[in-house]
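Dear colleague,

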Amino acid sequence: MATAYDNAMKQEAATDDSGVPFVAVENLRKVFAGRAVLDGVNLSVSRGKTLAVLGRSGTGKSVLLRLLIGLERPDSGSVCIHGQDIAGLALDQLGEIRKRIGFLFQHAALYDSLTVAENVAFPLQHHRKEMSKSEQADRVNQLLAEVGMEEDLEKMPSDISGGMQKRVGLARALALEPEILLLDEPTAGLDPISSGEIDELILKLQRERMMASIVVTHNLHSARTIANRLAILNEGKVVIQGSFEDLQQSDIGFVKEFLKQS
Amino acid sequence: MNDRGQTAAASFSPPLPERRIVDIPAAIASPGGLVDGFFEWFGNLGIFSWQVLKAAVTPPYEWRELIRQLDEVGSKSLPLVALAGAAIGVVISLEARYSLSRFGAKSMFPATLVYSVIQVMGPVITGLVVSGRVGAGIGAELASMKVTEQIDAIEASAINPYRLLAATRILACILMLPLLTVAADGCGLLTGWFAQTLVEPLSFQQFISSGFSGATFNAFLPPTLKTAVYGLIIGLVSCFQGMRTRGGAAGVGRAATNSVVLASLFLILADVVLVKFILVFFP
């Protein structure tokens, strides 16, 4: 286990342009109602790399993403974004970090009183005030075209399918041109074809934008497709981290069982 | 918790206060639970208020959302408030005429109506009507946004939800309540006079001059302006209830109900204090 993790860390450090990972988590611990959902988690992701976090339901995968963007605060440990520990930041300081992170929620979390186009325009209206309305509209059209939703600008979120909502959520997450992308179950609840399309979309975005991405998923096939590295969480700890081949070669019982059942 | 954790806990701006659902019957069964729940609720309300205040006074200001909320709270409540004010005017007119006739003080009718509507009933009725309409609306809307992670999405987009969602709604309530009260008062006086003239003709000019004779600003301004405090209570309580919701559709329903019930209750309790305050400082 330690060997695979160490190898992964060395590999990350070697491929990082600046030497500082975009996202670095150390000894992260989060307790809910007396139960340690995350207990000493260490992870890091560099520019252009994608880490897939796998694990059983309730093992704290989504909590990990919420900690990375500051929606939850850690009980101990650090969450560093571009080398800056975000745990000590006030809400408005945290905002500056959040502008550099795109977040796709598990259920897309689109604003249900706004149209598809307004949803994508929302971050631009608040953080790109120097852009004219027509520039913002062009940017929204471009983003929605990237995710294949350019025909549905005026639809309400309730009028589109779950897969389409995920696409719009992804376009919204990309609106501020983030350097880090956090994806919470991007293919959950989707049919295999839609899942494949979302995976292709994520791969395309990675190639074009070179973001550091962390993807939480149950879908091992999807994780293999889009991620350079995979980490498996169990009982609040990262039991293994490495390439898919590292996972296959592991003799850890839980990892073997997880791969067998997936 | 290690040093770093303690530092983080001390300096981190807390997310929306988490709620431990207080089960009232269970809390009564265990007296400590009721006391804990009471102080926990007010403690969280205090933290929430501080976050909203900080967000409200620091830029960027959410002018567009504020204007939308002014329309939502003000214009859209106007018909309901006007109707309630009109009904109260008729009721007071009927009751006052009957009571004053018994004591041979019919000449006091205009002043009784004016003072009853403007000083007592107009502000309270407006507050309660707005509490029902706007309080429930805000509570349910924000609760729905909370349980569908829309508030988290706003925060993840580097937008302060206390500023965008709470401060704008609370400010709209504070600004609109006095204006709506004036509208309710106006409708109440108009329908009260009209109900009187059906029985005993009285010109509107005579009614107004007699009703307001000897009146000062102190008699009418503080009771109208006190509704800004009602607005603060309605906005604050309903935003707080909405933004701390958990538990899906049931949670949304609970938030809407609690918003109305608590806002109305606090509004009436505040009225007791405010009336005493006005009597002491604006005799």
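A nonpolar core is here a set of buried Ala, Val, Leu, Ile, Met, Phe, Trp, Tyr and Cys residues joined through C-beta atoms within 7 Å. Please note that the model is a predicted one.

In the largest such core there are 144 residues, of which A:Val23, A:Val120, A:Ala171 and A:Leu182 touch the most other members. The element that gives the most to this core is helix 8 (residues 161-199) of chain B, with 17 residues. As for A:Leu182, setting aside residues up to four places away in sequence, its contacts are A:Leu65, A:Leu68, A:Ile69, A:Ile101, A:Gly102, A:Phe103 and A:Ile214.

I turn next to a sheet in chain A. Four strands form an open sheet in the order 2-1-4-5, with antiparallel pairing. Its edges are strand 2 and strand 5 (84-85) of chain A, each of which pairs on one side only.

Strand 1 (residues 23-32) of chain A is joined to strand 2 (residues 35-45) of chain A by eight bridges, in the antiparallel sense. Within this pairing, A:Arg29 lies opposite A:Asp39, and A:Phe32 has A:Arg35 as its bridge partner. The hairpin that these two strands make has two residues between the strands, and A:Ala33 adopts a positive phi near 50° there.

Strand 1 of chain A also runs antiparallel to strand 4 (residues 76-81) of chain A, with five bridges between them. Here A:Glu26 stands opposite A:Ser78.

The model scores ipTM 0.86 and pTM 0.84. Chain A has a mean pLDDT of 86, with 92% of its residues at 70 or more; for chain B the mean is 87, and 89% of the residues reach 70 or more.

Which stretch of chain A has pLDDT under 50? This applies to residues 1-17 of chain A, for which the model has 24 contacts beyond four places in sequence. In chain B, pLDDT stays under 50 over residues 1-14, with 21 contacts beyond four places in sequence, and over residues 17-23, with nine such contacts. Among the elements of chain B, the lowest mean pLDDT, 40, belongs to helix 1 (residues 3-11) of chain B, and the highest, 96, to helix 11 (residues 227-243) of chain B.

Yours sincerely

Key
Residues numbered from 1 in each chain as written. Chains lettered and ligands numbered in written order. Predicted model: local features only at pLDDT ≥ 70, side-chain atom pairs only at ≥ 80, totals over all residues. pLDDT = per-residue confidence, 0-100. Contact = placed C-beta atoms within 7 Å. Buried ≥ 20, exposed ≤ 12 C-beta atoms within 10 Å, placed from the backbone. Pairing = 2+ DSSP bridges.
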